[in-house]
Amino acid sequence: MDAKIIKVGTSLGLIIPGLVVKDYDLQYGTKIEIELNNEAIVIKKKKSVREGWDNAFAQYAKEGEDELMLPDHLDLESDTLL
């Protein structure tokens, strides 16, 4: 796939074709990673730090591993102190 590098102020920018933007859900401000591999430039959408947490917590709930670590009465006690 062809793309074009353009001048943006004192930097350069890469025009990403619309199909790629749509397929990878890219938008203005999307964080990316750039890797340099020999003569290739690899651009990857940066993963969220919390990516996959929703599935992991759903699995914990299914396995019964989502019980409270601290008893509820501690919350009640802290409310009376405030």
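Predicted model: local features only at pLDDT ≥ 70, side-chain atom pairs only at ≥ 80, totals over all residues.
Let me begin with the aromatic residues. When the whole structure is searched for aromatic pairs, two are found. One of them is made by Trp53 and Phe57, whose ring centres lie 6.1 Å apart with the planes at 80°, and since an angle over 60 degrees counts as edge-to-face, that is how this pair is classed. Both residues belong to helix H2, which covers residues 53-62, and they are four residues apart, or about one turn of the helix. The other pair brings Phe57 together with Tyr60, and here the centres are 5.9 Å apart and the planes stand at 75°, so this pair is edge-to-face as well. Phe57 and Tyr60 also lie in helix H2, three residues apart, which is again about one turn. Taken together, Trp53, Phe57 and Tyr60 make up one aromatic cluster.

I turn now to the hairpin. Strand S1, residues 4-8, and strand S2, residues 11-15, run antiparallel and are joined by five bridges, and one of the residues involved is Lys7, whose bridge partner in S2 is Leu12. Two residues separate the strands of this hairpin, and in the turn we find Gly9 with a positive phi of about 65°. How many of the five residues of S1 are buried? The number is zero, and so S1 lies largely in the open.

That leaves the nonpolar patch on the surface, which consists of Ile5, Leu12, Leu14, Ile16, Ile32, Ile34, Leu36, Ile41 and Ile43, and which has about 930 Å² of accessible area in total. Which strand gives the largest share of the patch? That is S3, with three residues, although S2, S3 (32-37) and S4 (40-45) each contribute at least two. Ile34, to take one example, sits in strand S3 and is exposed, because its relative accessible area of 56% is over the 50% cut-off.

How values were computed:
Residues numbered from 1 in each chain as written. Heavy atoms only, no water. Phe/Tyr/Trp six-rings, centres within 6.5 Å; stacked < 30°, edge-to-face > 60°. Buried < 20%, exposed > 50% of the residue type's maximum accessible area, 1.4 Å probe, protein only. Pairing = 2+ DSSP bridges. Patch = residues over 30% accessible without salt bridge, like charges linked within 9 Å, V, L, I, M, F, W, Y side chains within 5 Å. Areas by Shrake-Rupley, 256 points an atom, 1.4 Å probe, with all protein chains shown as cover. Salt bridge = Lys/Arg side-chain N within 4 Å of Asp/Glu carboxyl O.
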